[in-house]
Amino acid sequence: MTKLYVNPNIKKGKINKEIYGHFSEHLGRCIYEGIYVGEDSAIPNKNGMRTDVVEALKKMKIPVLRWPGGCFADEYHWKDGIGPKENRKKMINTHWGGVVEDNSFGTHEFMELCSQLGCEPYINANLGSGTVQEMSEWVEYMTFDGLSPMAALREKNGRKEPWKVKFLGVGNENWGCGGNMRPEYYADEYRRYSTYCRNYGKNRLYKIACGANAADYHWTEQVMKIAHPFMDGLSLHYYTVPTGNWSDKGNATGFNEKDWYQTLSKTLFMDELVTKNDHIMSKYDPEKRIGLLVDEWGTWYNVEEGTNPGFLYQQNTMRDALVAGINLNIFNKHCDRVHMANIAQLVNVLQSVILTEGEKMLLTPTYYVFCMYKEHQGAELVESTITTEQIGLEKEYMVPNLNESVSVDADGKVHITITNLSLTDSYEVDTVLTEAKAKSVTGTILTDEMGAYNTFENPERVQSKGFHDARVTESGIFFTIPACSVVSLEVELA
């Protein structure tokens, strides 16, 4: 029998709500059609934002949204996206699909979206092809309340009051699409650009430096060494690519059991990445003032057949739900260093929580996982350990059968999230609460066949349901977790 030990009295750190963040890029149908349809659309909207998408995201309790990229960020010139829409520049999106970008969704529209969602905006500014002046003026345009050219321009464009902007990314993937820079060069550029990103009035910027591509620890070392006094956060990008081959990443659907375990094995590498980056960062920042922001993560497969390869549209199955649950548990357990994470991407791109097709919208299995985990936001991580066994089909891709994290919220309720990575076996879990007694337990479960997914013809096949197979015991709680499932439990203490 599996043993899960939980001590609600040993607090390990606050789980920042921003760990449950998201990412929206001018890529494929993420912004246009997915989020923004324009004020004149027949699709119900408020100031151009899809009402159905906004309401779904609010239920998911979205805390922060990153924009405008991604690779798009380092060729985005913000002044192209302000003022009357008919006067905004049209351009070709050379990174993603070669389609026309008409800049009808710009700074004002993004801030309107964040306002409707009630989430924090995370602006990723252009270091790769932009100037120091351009970045500095964008910060001024958004946040300065006083007499200045940019504040006057903002008012001319219909917004007198400044916005509150906390999170600012100074460049994106500058080791690659953001300029193919060396870490030493980028670190110096970061120091220069960030100097001119001012704190105006009561607005305080949380400045984020471009971090490593996956296991490029040399990048982390050099950027931390040179620029750590000037940053509040350092990013990390890691995608779960089942095959490890970017030219043939594997398919989102129609996969087999070997693909299942290989994918989950690749996902679990996130724990090693965070651990090793934390170790390097602690050499320069032992107090852990600087956050590690995993601001791009999730599955990346071959695009769906018949779609624009530059749009990165893929389906979302129970396998993706397990990937989401595993990663979020990992981030929770590293909340002393991981201050934010942003799954890629919000709608219609990569591991989306929502898919749209014209006026239709569906929620993916990943969406339900974020809903099931939302009680962790702002809660205190508590000590937990679980007994596991290695499962899988090949020695190279063996994985632990179970993965968990536990928190206590402000009301003293214990929240347990646990994933079962096995395709065949359920497990009895005897949960022992140290120095505490359970009064009641309620739960939610997401489970189905490994390749199950929602379609516009059958949009509710995979969805979370009440979980009633958990009971209070003398020592804690007892439950059986089915194969291929994600379970969340709320325990009220006596």
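**Note on aromatic pairs and the sheet**

1. Both Phe-167 and Tyr-206 are buried, a term that stands for under 20% relative accessible area, with exposed meaning over 50% and partly exposed in between (1.4 Å probe, protein chains only). This is a predicted model in which local features need pLDDT of at least 70 and side-chain atom pairs count only at pLDDT 80 or more, while totals for chains, interfaces and linings use all residues. Residues are numbered from 1 along each chain as its sequence is written, and side-chain values use heavy atoms, with hydrogens and water left out.

2. The structure holds 23 aromatic pairs. Rings of Phe, Tyr and Trp (its six-membered ring) pair if their centres lie within 6.5 Å; planes under 30 degrees apart count as stacked, over 60 as edge-to-face and the rest as tilted. Phe-167 and Tyr-206 form an edge-to-face pair, at 5.3 Å centre to centre and with 70 degrees between the planes. This pair links distant parts of the chain, 39 residues apart: Phe-167 belongs to strand E9 (residues 167-170) and Tyr-206 to strand E10 (residues 206-213). Helices (H or I, at least four residues) and strands (E, at least two) are DSSP runs, numbered from the N terminus.

3. The ring centres of Trp-297 and Phe-331 are 5.5 Å apart and the planes stand at 75 degrees, so this pair is edge-to-face. Because Trp-297 lies in strand E12 (residues 291-299) and Phe-331 in helix H8 (residues 318-333), the pair ties together parts that are 34 residues apart in sequence. Trp-297 and Phe-331 are buried.

4. The charged end of Arg-66 is 4.5 Å from the centre of the Phe-23 ring. Arg-319 lies over the face of Phe-255, 3.7 Å from the ring centre.

5. Ten strands form an open sheet of mixed pairing, in the order E23-E22-E26-E20-E19-E16-E1-E21-E25-E24. Two strands pair if DSSP finds at least two bridges between them. Strand E23 (465-467) and strand E24 (470-472) stand at the edges with a single partner strand each, so one side of each is left without a neighbour in the sheet.

6. Strand E21 (residues 427-433) and strand E25 (residues 476-481) pair in the antiparallel sense over six bridges. Within E25, Thr-480 stands opposite Glu-428.

Definitions and conventions
A charge sits over a ring if NZ of Lys or CZ of Arg is within 6 Å of the ring centre and within 35 degrees of the ring normal.
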